[in-house]
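Me: I would like to go through some of the labels attached to this model and ask, for each, what it rests on.

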Amino acid sequence: MAAIHKKPCTASNSATESKRTDLKSNEKKGSWAYYMTNSPLLIVMIGLPARGKTYMSKKLTRYLNWIGVPTKVFNLGVYRREAVQSYKSYDFFRHDNEEAMKIRKQCALVALQDVKTYLSEEGGQIAVFDATNTTRERRTLILNFAQENSFKVFFVESVCDDPEVIAENIMEVKVSSPDYPERDRESVMEDFLKRIECYKVTYQPLDPDKHDMNLSFIKVINVGRRFLVNKVQDSIQSKIVYYLMNIHVHSHSIYLCRHGESLHNLEGRLGGDSGLSERGKKFAVELKAFVKEHNLSDLKVWTSQLKRTIQTAEELGVPYEQWKILNEIDAGMCEEMTYAMIEEKYPEEFAMRDQDKYHYRYPGGESYQDLVQRLEPVIMELERQGNVLVICHQAVMRCLLAYFLDKGADDLPYMKCPLHTVLKLTPVAYGCKVEMFDLKVEAVNTHRDRPLIKVRTPPPMFRRNSFDPLSTKDQIKRPRMYSMGNFSPPPTLPPPAFASTRISEGIESVQRENSVDCFSAPDTGEKST
Amino acid sequence: MRGSCRPNNPRDRTVCMTNCPTLIVTVGLPARGKTYISKKLTRYLNWIGVPTKEFNVGDYRRECLKIYKSFEFFRPDNEEGVKIRRQCAMSALNDVRQYLSVEGGQVAVFDATNTTRDRRGTIMKFAEQNGFKVFFVESVCEDPEVIAQNIVQVKLGNPDYMNCSSEEAIEDFMERIKCYETSYQPLDEDLDSDVSYIKIMDVGRRYLVNRVVDHIQSRIVYYLMNIHITPRSIYLCRHGESDLNIKGRIGGDSGLSSRGKEFAKRLRSFLEEQKIKDLKIWTSQMKRTIQTAECLGVPYEQWKSLNEIDAGVCEEMMYEEIQEHFPLEFALRDQDKYRYRYPKGESYEDLVQRLEPVIMELERQENVLVICHQAVMRCLLAYFLDKTSHELPYLKCPLHTVLKLTPVAYGCKVESVYLGVESVNTHRDRPENVNVQRSTEDALQTVPAHL
């Protein structure tokens with residue numbers, strides 16, 4: 001569903017003639033997300049500590065970036081930790097601690113300045129302000145700020161009074177926070193609960209009936225048991241509401257794998273609809289044993305509507321669902337050709353693809369960008385489900401993996417998804433744990449690395465016109481003197497340095513069995529204050 | 001995978017939305033839009049392929065009680081009335097059971113006031129006995145203007161008020177509402193905390209959603225949160241006549257013919273005359289729609305999902321050529337045009353899936369002009385005019401004609417405007433003989449004329 005917003009050209013050569021040659025700018029200019037909103041959006045989290053605000057912020061941001069809406073989280077806790085070098089105790093959060101209150105307000109202002117820079121100058125479309133924002137006073141400050149800058153505001157309040165859920169949250173994410181470097185669990189729990197009490201004193205929840213009836217917001221009650229939605233203004237807010245209503249926190253695992261090796265794979269041909277080779281059939285048998293071994297309750301199995309995934313699933317002997325949208329990327333005119341044949345017959349196309357594999361659309365076919373849009377309902381449904389095994393294809397698996405591992409358009413088309421290997425994804429803390437299972441059945445390698453000769457420039461940032469799925473940019477910790485209205489140099493963003501790069505291109509160590517890699521986002525310790 | 005018609009098994013086609021059938025139950029005082037929501041939701045669910053049917057208890061009551069006298073029938077102390085109304089509800093529930101358990105329906109919409117907890121309890125018990133899931137849709141509205149407008153729009157034309165004047169009807173209806181008000185027990189956050197429901201307040205200004213348990217309920221909630229009742233019109237048309245159209249070839253990505261360009265100019269004048277407020281214009285990403293929009297001189301958005309149906313191996317062929325090279329495929333397509341998928345291409349059924357986000361966005365928007373293609377336009381039209389999958393692939397969508405759709409009462413008013421520029425006819429009716437052994441002549445019987 002790519003929508004490209006076009007002003008009419010007066011020249012008789014309409015934009016379509018130049019579509020091929022001007023591929024890069026045209027494709028980059030659009031994605032279906034464009035129509036969704038004109039002005040930038042500020043999402044404001046609200047809630048006592050340990051109510052899942054940061055969890056929702058990060059997840060939502062990951063989703064929005066994947067569908068092509070440049071989004072970034074601004075976590076107030078990070079700013080506070082910068083200002084107050086070492087955390088001593090919950091006393092800092094007492095509402096009668098004037099000194100601390102001053103610092104905390106200052107931090108909020110600095111964070112908002114960064115929000116302004118991101119939305120107004122850096123091409124961001126949505127900023128998620130992750131903090132408690134529990135008082136009307138604070139929210140009014142934010143609303144005024146947004147109005148001054150013509151940002152729309154959407155509040156996401158998380159309300160939870162289930163003590164078990166809260167305790168679990170604290171254990172899962174707070175214990176490893178930078179605020180508590182050496183403490184043991186019990187004292188962490190104790191201090192944190194006291195911290196929550198500090199906020200409770202001044203907590204003014206959103207009041208849909210009187211005070212806040214004109215605000216746009218969603219109140220998430222008891223981890224999604226109930227929702228109150230007020231005054232949704234536009235499509236992106238509607239999508240955000242839909243997403244938040246579909247995610248859950250129950251533990252579950254998603255298994256991704258490709259079909260068994262196919263006859264076309266053996267010949268090095270792209271696409272098509274061939275059946276499994278002998279080794280592919282063997283893989284299916286091994287997969288059946290794998291599923292049994294892992295003893296998964298209520299496992300759902302999904303395939304595409306192409307022979308090779310269906311044949312793989314058939315072997316499992318359990319009911320499975322076929323999704324057309326899980327079909328492999330359509331290579332159009334290049335279907336069923338080998339890379340050598342494509343290079344010979346369409347050398348220009350071949351070169352263009354290497355220049356920008358994410359946006360390149362096969363003539364009469366699709367691009368990775370199209371694939372992401374096509375796969376969005378699958379992602380939404382995966383969020384709703386429990387344990388699922390998705391038997392799909394190389395390009396499709398890359399797109400799905402990019403969503404779970406928060407990979408941007410640059411890395412996505414080069415992620416390694418070898419045949420006969422199952423990836424197990426388990427949500428943990430704020431990210432996703434990945435385990436790789438090589439089922440030890442030989443297969444050809446269908447991976448084509450990023451060509452080395454190409455000069456890679458970092459993707460330029462476009463204002464509202466760039467809708468490549470980006471990965472969530474790590475929150476930049478800038479020294480204070482650059483924020484607060486002083487000139488901030490354009491950030492050169494280093495790629496996030498975390499373990500997940502192991503799964504992307506150029507890494508050889510993929511033949512691992514039962515390995516456990518923690519792929520959670522680098523800032524596991526960060527949470528809101 | 002060669003094109004084929006797959007058996008009509010809903011579980012094969014798309015994601016299995018739900019394992020057991022779902023009973024949607026409306027709740028609300030009269031004139032709160034329950035029937036509007038029921039009908040719209042039913043239309044949407046059927047269009048996306050979920051067999052759905054609505055059961056309006058008012059209809060049962062009208063069957064039973066041939067002549068409506070006055071609001072007195074609805075007084076809570078009218079024993080006779082209460083008995084009859086209860087019987088009607090039971091009768092409707094029986095039909096619901098028949099539809100969901102025997103006839104293969106997946107969703108039934110039980111449209112009635114259901115304003116007491118007692119009545120809702122009865123329904124939930126009924127559902128439990130039969131293995132149905134229940135989802136309540138409550139509409140709460142205190143805005144007197146909205147209520148008055150509802151009454152004028154849908155109640156005055158109701159069979160109940162056939163023989164009275166407007167004033168009498170309105171007066172009687174207001175009394176009728178009063179009869180329900182005293183015993184109304186809205187869904188309550190605490191008392192009904194275990195029940196799955198959505199409470200729609202003030203025509204969509206606010207929603208309370210409780211305990212959504214599965215995919216279909218989630219989709220229903222998303223749909224209900226995106227619809228609105230602000231008056232607006234949707235304009236549907238195809239691109240101007242293209243070069244391939246003239247040659248009688250399907251698909252491809254050709255540009256406009258000279259007559260097509262003429263149409264684009266006329267379209268521009270037409271739009272200027274209509275003076276439509278804040279009109280949004282959408283096209284596909286194919287040359288012919290883009291060229292059409294370019295002539296309008298206003299910003300427009302391109303959607304890949306609006307691209308024409310992919311005819312796979314038959315792209316850019318004439319029907320005669322398809323018959324020559326793929327006579328079997330050609331016959332299979334005529335047998336089940338909705339489900340038939342071109343080899344390496346798409347079916348109408350795939351198209352509908354692809355277009356669902358477009359429909360969702362059209363629901364959110366106000367005035368929109370969609371410049372698209374024949375098969376795409378048929379799918380969109382089928383949604384707005386509630387056409388079945390049998391009718392859909394044969395809807396008439398000629399070139400150079402704009403359809404103006406305006407929601408009115410429970411349905412959609414259609415105005416067809418031919419912009420007076422000649423074009424080829426691209427409509428191919430279903431031929432009489434769809435047998436795979438048929439002769440070439442029989443196969444090409446209904447092919448429209450071309451160069």
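Me: What makes Val434(A) count as buried?

Reply: The model is a predicted one, and in it Val434(A) has a relative accessibility of 1%; the label buried applies under 20%, so Val434(A) counts as buried. Its place is in strand β13 of chain A.

Me: Why is one side of β13 (431–438) of chain A left without a neighbour in the sheet?

Reply: The open sheet has 6 strands, in the order β10-β9-β11-β8-β12-β13 (chain A), with mixed pairing. Because β13 and β10 (321–322) of chain A stand at the edges and have a single partner strand each, one side of each is left without a neighbour in the sheet.

Me: How do you know that strand β9 (residues 300–303) of chain A pairs with strand β11 (residues 388–392) of chain A?

Reply: Pairing requires at least two bridges, and 4 bridges join β9 to β11 of chain A, the two strands running parallel. Lys300(A), for instance, has Val388(A) in β11(A) as its bridge partner. Helix α14 (residues 368–384) of chain A packs on this sheet, where it touches β8 (254–258), β9 and β11 of chain A, and its direction makes about 175° with that of β9(A).

Me: What makes strand β4 (residues 133–140) of chain B mostly covered?

Reply: Of the 8 residues of β4(B), 6 are buried, the cut-off for that label being under 20% relative accessible area.

Me: Which strands of chain B does β4(B) pair with?

Reply: Strand β1 (residues 22–27) of chain B pairs with β4(B) in the parallel sense over 6 bridges, with Leu23(B) opposite Val134(B). Strand β5 (residues 197–201) of chain B also runs parallel to β4(B), joined by 5 bridges, and here Val137(B) stands opposite Ile198(B).

Technical notes: Residues numbered from 1 in each chain as written. Chains lettered and ligands numbered in written order. Predicted model: local features only at pLDDT ≥ 70, side-chain atom pairs only at ≥ 80, totals over all residues. Heavy atoms only, no water. Contact = heavy atoms within 4.5 Å. Axes fitted to C-alpha atoms, helices over the stretch in contact; angles between N-to-C directions. Buried < 20%, exposed > 50% of the residue type's maximum accessible area, 1.4 Å probe, protein only.
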